[in-house]
Amino acid sequence: MTSLQIDSVAVRGHETFVLDITALNRCLVTLFILVAVSYPIYFLYLHPLRAYPGPKLSAITRMPYWIACLKGDQVRWLTKLHSQYGPVVRFGPVDLSYTDARAWRDICLVPKGKKENAKEVGFHAPSANGVPNIVCQNDVAHHARIRRALLPAFSQKALKAQEPLLQKYVDLVIARARQATELDMSELMNFAMFDIMADFAFGEPLHMLENGEYSDWVAKVFNAIRILPLVQMIEFYPLLKKTFALIEPKAVTKMRHDHFNHTVMRVNRRLNHGSEKQDLWDFILESETLTLKEMHVNAELFMAAGTETTASLLTGVTHYLMANQEKMKILTDEVRTRFKCRKEITLDNVAPLRYLNACIREGMRVYPPVPSGLPRIVAEGGNSILGKWVPAGTRVSVHQFSTYHSPENFRQVTCHLLRPHIFVYIATIVRTNTTCLLRDPDKFVPERWLGDPAYKDDIRDAHQPFSAGTRNCLGINLAWHEMRLMLAKLVYEFDIESDAGPDWLDQNVYVIWDRKPLICRFEDAAPRE
Ligand code: HEM
């Protein structure tokens with residue numbers, strides 16, 4: 001025998017054992033090969049999700065997904081997979097992504113007698129004080145308690161009292177736009193939405209619109225967005241998380257804590273000193289059900305959830321309106337005909353403007369502020385999604401961008417009219433050299449929300465930009481007020497133009513859009529009689 005033999009002798013009774021290293025090595029190698037071969041075989045051919053379509057590599061490992069996320073490519077990658085594999089895609093060993101409207105109900109609503117599909121907490125950045133914010137609170141009773149405490153602050157009545165605050169910041173935007181020949185709409189909307197939320201949540205403005213620059217605190221948020229997928233990846237693998245905790249540079253830990261402490265300081269200041277005007281905290285304190293730590297983490301959440309989302313939508317919808325001047329004209333006419341002077345532009349008066357509402361809705365379809373899917377983990381016992389049983393522990397989500405750009409939901413062709421005459425239809429397109437009969441889901445068409453019969457086949461329920469069920473967006477009312485007021489006032493005051501072409505839309509997503517600058521010119525609107 002050529003191998004090394006160690007005569008490590010153990011005496012047990014009278015027996016002697018000789019440890020053969022070669023044999024041990026062989027065992028380990030065989031075990032490794034067995035695991036390496038059986039792992040993919042199991043996930044490809046035996047796993048309960050084996051019948052779901054998707055790339056073979058993704059059925060074995062989440063790596064392709066992480067690579068797409070780290071490159072900012074997640075939305076492009078999943079949209080491509082959906083167009084290749086259809087309305088359900090297995091994009092990780094235990095990950096399913098949906099674009100079918102019914103999936104909203106099956107994933108986000110709790111079927112009678114069933115458990116709620118829990119939030120995938122690792123998808124969201126962990127809180128600095130270890131207490132979950134409302135988004136990450138997976139205990140149903142605690143989530144309901146927090147939601148009950150926060151809801152009154154976002155009721156229509158409470159928000160009406162915030163109208164002066166909203167008007168003040170929208171007017172500051174108008175003033176800034178009037179001063180400059182050119183401005184980056186993306187930045188302008190960030191300034192406005194962070195200023196509003198800081199004033200609403202802390203009673204302390206950030207003065208970004210006045211100063212024309214990011215405050216340190218907000219700059220840090222935007223500087224950090226590209227590392228969000230990395231944070232998610234670290235959270236996902238417990239071993240990686242432990243290792244990272246050991247090697248995380250002290251400066252990064254400090255930065256995270258400084259950022260959170262900034263929120264803590266502001267909340268404490270508001271709680272200690274009170275506020276002259278009614279704000280969020282009057283309602284929260286009245287409920288007497290939130291702990292101080294919960295107040296801190298949820299205040300931090302408001303600054304993230306209630307700012308970048310509305311700023312994205314307003315930037316995106318402005319881009320689409322500028323690129324579709326005929327739609328911009330309809331909107332401008334609606335606003336300028338309805339209002340004789342700027343004082344008339346109030347929350348109540350903008351709410352019924354049909355075309356304005358349709359533009360915002362369509363903006364949230366073509367450029368959804370939350371573009372990716374928000375994963376839930378299928379509850380114990382499994383659940384049925386689209387009529388198929390999905391085992392417990394599977395991560396499931398509706399991928400917003402793919403859903404809203406799917407021709408299955410937002411139809412490409414009005415087939416019901418044209419199918420019998422398909423040749424006439426093709427001939428018409430060829431003869432007139434036009435694609436006017438095509439319904440392109442990527443096109444910006446506010447009319448689809450206004451009962452235009454050409455879009456009667458749209459599956460409108462597929463569009464849930466604020467999510468669905470008991471955990472949908474708490475700030476819907478506030479978001480709609482902000483978006484309507486800002487857009488109405490901007491188009492009332494200015495003719496807005498930009499040289500940005502369609503490639504402005506080619507943006508990366510790191511959980512949120514990594515928006516490119518959108519340089520706009522704001523020309524004073526012609527005086528009206
Ligand atoms: C266009 C703007 C907005 C969009 C598209 C949007 C979208 C969403 C979505 C999709 C969720 C579900 C998150 C999940 O399932 O993990 C959510 C939750 C939430 N949003 Fe918004 N949001 C917007 C504006 C706002 C605003 C202005 C606020 C105000 C602070 C806000 C506060 C919240 C809160 C507190 C939750 C958590 C609700 C819960 O878990 O019960 N959002 N939002």
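Predicted model: local features only at pLDDT ≥ 70, side-chain atom pairs only at ≥ 80, totals over all residues.

Mentor: The ligand is surrounded by 23 residues. Gly306, Thr309, Ser467, Cys473 and Gly475 are the closest. By residue class, the shell holds 15 nonpolar, five polar and three charged residues.

Now the core. The largest nonpolar core counts 112 residues. Ala192, Leu487 and Ala488 have the most contacts inside it. Helix H9, residues 185-202, supplies the largest share of this core, with 13 residues. In soluble globular proteins, nonpolar side chains tend to be buried together.

Take Leu487 by itself. Set aside its neighbours within four places in sequence. Leu487 is then in contact with Leu314, Val317, Leu356 and Ile360.

Finish with Phe43, a residue of helix H1, which spans residues 21-46. Phe43 counts as buried because 20 other C-beta atoms lie within 10 Å, and the cut-off for buried is 20 or more. Leave out neighbours within four places in sequence once again. The contacts of Phe43 are then Ala59, Ile60 and Pro93. Phe43 and Val94 are separated by 51 residues in sequence, yet their C-alpha atoms are 8.9 Å apart in space.

Technical notes:
Residues numbered from 1 in each chain as written. Near = placed C-beta within 6 Å. Nonpolar A, V, L, I, M, F, W, Y, C, P; charged D, E, K, R; others polar. Core = buried A, V, L, I, M, F, W, Y, C linked by C-beta atoms within 7 Å. Buried ≥ 20, exposed ≤ 12 C-beta atoms within 10 Å, placed from the backbone. Helix = DSSP H or I, 4+ residues; strand = E, 2+ residues; numbered from the N terminus. Contact = placed C-beta atoms within 7 Å.
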